[in-house]
There are 2 protein chains.
Amino acid sequence: MSGRLAVIGLGPGDPRYLTAEAEGALTDAQALYGYGPYLDRVPVRAGQSRHPSDNREEAARACDALCHAAQGANVVVVSGGDPGVFAMAAAICEQIATGPDAWRTLEVVFVPGITAMLAVAARIGAPLGHDFCALSLSDNLKPWPVIERRLDAAAQAGFAIALYNPVSRARPWQFASAVERLRRHLPGMTPIIFGRAVGRPGERIDVTTLETAADQPADMATLVIVGTRETRIIARPGHSPLVYTPRAAAEVSA
Amino acid sequence: MSGRLAVIGLGPGDPRYLTAEAEGALTDAQALYGYGPYLDRVPVRAGQSRHPSDNREEAARACDALCHAAQGANVVVVSGGDPGVFAMAAAICEQIATGPDAWRTLEVVFVPGITAMLAVAARIGAPLGHDFCALSLSDNLKPWPVIERRLDAAAQAGFAIALYNPVSRARPWQFASAVERLRRHLPGMTPIIFGRAVGRPGERIDVTTLETAADQPADMATLVIVGTRETRIIARPGHSPLVYTPRAAAEVSA
């Protein structure tokens, strides 16, 4: 009996973002595991069991899925976006590292997907057109000073910054605090993009500036992109503006 | 006469990485523009003109494609990976910013794709499982000291680092110099992943350490991922190892 675990990325939501490889993994699966709202995006297929779980239960979900695959089933764990970017791939690896020996001989594959920052960037132009970083503002698994240090480093060195998990009900002040921190390094006019529910019903893209960013509503479905000193906005008659970071970078000021 | 320009990402190469949206754009196109080897990955369709160009001709290619679309054609510009990550989206925006007014009223869409770092990460586990950055080592469009400053900032602050364009024939020393720079901040045992031609013939993944990374062959088809102090390797009997960066981060040491 040889089971198989595939950890796949659904992309931002709409089926148009799904890759052929992810589609194939979903078709072949005997059991699906994932955060409930992500599982809801997967069409029901006869003969597949579905195991939704809560947002905070990543370790338990990883365990359950590995157990199930180790019993010989073809199991798929679904992530929104890309499984390797603030999602299930790391949680699965953590369990494999400390779990029973059998989990280290299991066939495990990771199937990439379109992560939120790429989808939001594509909607508005090319704000990540040069060097950039991806940073989660959740301080559930790392101390807030680590996040502040990373904000400082990225902004000072001229990276564009994609902020994942900017706000949640349990973390109401972190985003405003991050914006204040970034103001130490970047001009108030630095372009900021808020992409909410991109590729899903209720999609919304707003372009604002660092100066007013803290007033903009954001939630866990929002991905924020912070531009650099070089990021520019192109106004377009009859079209939404384009935002891009040029490929050429000047000397970084000290 | 209303033209349309779509700037699309093919992903790493194999059709299994193509999204449904990118596939649709390719089907509808009247003209295809792109770097020759990327265009070669797109099946020939009757009635589509193909306009390959050289690697270094991004600005001219963007101009040509915009001109063609402004004449009323449905034009697609293809990028490998994601068009917004060290690829054609920024080059198109740069031309729109400075080109004729008509280019700013044109319908332009960007179609995201699986960028190389996500494909390489998926092949080996979850090395980008926590905060990370993407940095091009090409100093064609930015001074080398800017790159050094970004390497310093990213390594010191605990980001995993995806290095794009590590080496080319015209830039033979930059990668070894970057490795030397990273050694100032990271232990010699820090895991380093070399992903070459992922999703294409000749694919190869090698895991090494920062200490020996400079001896590893790399070229323009290689994407390098530099782990953090927390990145771990799981040995697996009968399988290739998994490399992952845990979701939890401890305090960054000074």
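This is a predicted model: local features need pLDDT of at least 70, side-chain atom pairs count only at pLDDT 80 or more; totals for chains, interfaces and linings use all residues.

Q: How many residues of chain A are in contact with chain B?

A: In general, the size of an interface is often given as the accessible area lost when the parts come together. Here we count residues instead: 66 residues of chain A are in contact with 66 residues of chain B. On the chain A side, 40 of them are nonpolar, 13 polar and 13 charged.

Q: Which strands join chain A to chain B, and in which sense do they run, parallel or antiparallel?

A: Strand β7 (residues 132-136) of chain A and strand β7 (residues 132-136) of chain B run antiparallel and are joined by three bridges. To find one of the pairs, look at A:Ala134, whose bridge partner in β7(B) is B:Phe132.

Q: In what order do the strands of the sheet lie?

A: Ten strands form an open sheet with mixed pairing, in the order β10(A)-β9(A)-β11(A)-β8(A)-β7(A)-β7(B)-β8(B)-β11(B)-β9(B)-β10(B). Its edge strands are β10 of chain A and β10 (204-209) of chain B, and each of these pairs on one side only. From one strand to the next the twist averages 15 degrees. For a parallel pair, take β7(B) and strand β8 (residues 160-164) of chain B, which share five bridges. In that pair, B:Cys133 has B:Ile161 as its bridge partner.

Q: How are helices α3(A) and α4(A) placed, and which residues meet?

A: Two packed helices are described by the angle between their axes and the distance between the axes. For helix α3 (residues 58-70) and helix α4 (residues 88-98) of chain A, the axes come within 9 Å and cross at roughly 65 degrees. That angle makes α3(A) roughly perpendicular to α4(A). The crossing is right-handed. Among the residues that meet are A:Ala62 and A:Leu66 in α3(A), and A:Ala91 and A:Ile92 in α4(A). By class, this contact has eight nonpolar residues, one polar and one charged.

Q: Is A:Phe86 buried or exposed, and what is its phi?

A: A:Phe86 has a positive phi of about 50 degrees, although it is not a glycine. It sits in the loop between β4 (74-79) and α4 of chain A. A:Phe86 counts as buried because 25 other C-beta atoms lie within 10 Å, and the cut-off is 20 or more.

Q: Where is A:Ala197, and how many C-beta neighbours does it have?

A: A:Ala197 lies in the loop between β9 (191-196) and β10 (204-209) of chain A. Its phi is also positive, near 50 degrees. With 17 C-beta neighbours inside 10 Å, A:Ala197 is partly exposed.

Notes:
Residues are numbered from 1 along each chain as its sequence is written. Chains are lettered from A and ligands numbered from 1 in the order in which they are written. Two residues are in contact if their C-beta atoms, placed from the backbone, lie within 7 Å. Ala, Val, Leu, Ile, Met, Phe, Trp, Tyr, Cys and Pro count as nonpolar, Asp, Glu, Lys and Arg as charged, and the others, Gly among them, as polar. Two strands pair if DSSP finds at least two bridges between them. Helices (H or I, at least four residues) and strands (E, at least two) are DSSP runs, numbered from the N terminus. Axes are lines fitted to C-alpha atoms, for helices over the stretch in contact, and angles run from 0 to 180 degrees between N-to-C directions. Angles under 35 degrees count as roughly parallel, over 145 as roughly antiparallel, 65 to 115 as roughly perpendicular and the rest as oblique. A crossing is left-handed if the near helix is turned anticlockwise from the far one by less than a right angle, and right-handed if clockwise. A residue is buried if 20 or more other C-beta atoms lie within 10 Å of its own, exposed if 12 or fewer, and partly exposed in between; C-beta atoms are placed from the backbone.
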